[in-house]
Amino acid sequence: MRIEVLFFAFVLGIWLLWAFILPLNEGPDENMRLQIAQFILKYGKLPTGDQKEIMDYTWGFTYAFRPILPQMLEALFIRIAMLFTGDAFALLFAARLVSVLSGVIFFWYVKALGDMLFERKSLRWVFLLLNVCLPQSSFLFTYLNCDSMALMASSMILYYLLKGMRDAFSIRTCIGLGISISVCVLSYYNAYGFLLTAVLIFAGCFWERVRQGERCKAEFWKKGLLVLGIVLFLSGWWFVRNYVLYDGDFLGLRTLTVIADAVRFVEETKGERIDIDGIDYNDPQVLAAIGTGKTDGVFQLESGGMRSFMKELRP
């Protein structure tokens, strides 16, 4: 136990130091996340996505249309820090503590998963190291993003699913699963695959018990509705809000609308009709243009590092 505590302290120290020395916006889209937290802090309400102060005009969009639980907590952490200091970087560091805290919780659940999955201590350590010490995951726990909380929620979901397989989804486990799914729902769309995984495993466990002759259909519905009720209570408000604000677009995704508007704009101004479904993703002219490094305003390719890399790669 002592070595595990020391290892946790070491990892936490690395995350805190990294979060402290990392310049603003060195993490992808960090400033866009910070703008949302600052908006919440300034106005005391959630942004609707059409405010100019949270719009990034380089990319032409804002993350305010997507789940923003991390940014809500970041605003809270900044507010608490403002009781002690007004230093801009100190407030940024306070906001980054949300990601660090997500890493701490992720660490605990990964360790718990390893303890449940492996009898050999060496395999538990390998499992913990591979999940916690990968540079990609460690980096996520040091700057403002939604991925860190999504990763945390994913580990929680897997833990309660595995625990449910062992204790027949006790009420306590169902409550934990419902809370975990709710956090996942409010963190990042990219993690929603774990929601489907949770449904399939939950239903599959009861199906297997039925197949073996157990009478547990009533139990399945009772516990399933408990989990669903917790999820709707904790996270359903976000989709109701989106449905009201965005004319029925309960996910708050306007990508298809933006694409349609772009196609219509080109047709009106250039007289050309673009077939989105027929776009050639291996167009030599496009690849050659990317290889020149002139990719200002191109999503994921605009940074200096990516422009230099594209010049060397010449796709």
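Is W237 buried, partly exposed or exposed? With a relative accessible area of 33%, W237 is partly exposed, where buried denotes under 20% relative accessible area, exposed over 50%, and partly exposed the range in between (1.4 Å probe, protein chains only). The structure is a predicted model, in which local features require pLDDT of at least 70 and side-chain atom pairs count only at pLDDT 80 or more, whereas totals for chains, interfaces and linings use all residues. Residues are numbered from 1 along each chain as its sequence is written, and side-chain values use heavy atoms, with hydrogens and water left out.

The secondary structure of the protein chain consists of 13 helices and zero strands, these elements being DSSP runs numbered from the N terminus (helices, H or I, at least four residues; strands, E, at least two). Of the 315 residues of the protein chain, 40% count as buried. Among contacts (heavy atoms within 4.5 Å) with a separation of 6 or more, 66% are accounted for by residues 24 or more positions apart.

The largest nonpolar core contains 68 residues, of which V132, I157, F169, L177 and I181 touch the most other members. Helix α4 (residues 88-117) gives the most to this core, contributing twelve residues. A nonpolar core is defined here as a set of buried Ala, Val, Leu, Ile, Met, Phe, Trp, Tyr and Cys residues joined through side-chain atoms within 4.5 Å. When residues up to four places away in sequence are not counted, I181 touches I157, L195, A198, V227 and V231.

Helix α4 also holds S99, which is buried at a relative accessible area of 1%. The side chain of S99 forms a polar contact with the side chain of S148 at 3.3 Å. Such a contact is a pair of N or O atoms within 3.5 Å; within protein, one must be able to donate a hydrogen and the other to accept it, and residues adjacent in sequence count only if both atoms are side-chain atoms. Leaving aside neighbours within four places in sequence, the contacts of S99 include L140, F141, T142 and Y143.

The structure holds 24 aromatic pairs. In one of them, the rings of F206 and F220 have centres 5.4 Å apart and planes at 65 degrees, so the pair is edge-to-face. This pair links distant parts of the chain, with F206 in helix α9 (residues 193-211) and F220 in helix α10 (residues 217-245), 14 residues apart. F206 is buried at 3% relative accessibility, whereas F220 is partly exposed at 23%. The rings of W237 and W238 are likewise edge-to-face, with centres 5.8 Å apart and planes at 85 degrees; W238 is buried, with a relative accessible area of 0%. Rings of Phe, Tyr and Trp (its six-membered ring) pair if their centres lie within 6.5 Å, and planes under 30 degrees apart count as stacked, over 60 as edge-to-face and the rest as tilted. One aromatic cluster is formed by F169, F202, F206, F220 and W221.

The charged end of R33 sits over the ring of Y63, 3.6 Å from its centre, and R33 also lies over the face of Y188, at 5.5 Å from the ring centre. The criterion places NZ of Lys or CZ of Arg within 6 Å of the ring centre and within 35 degrees of the ring normal.
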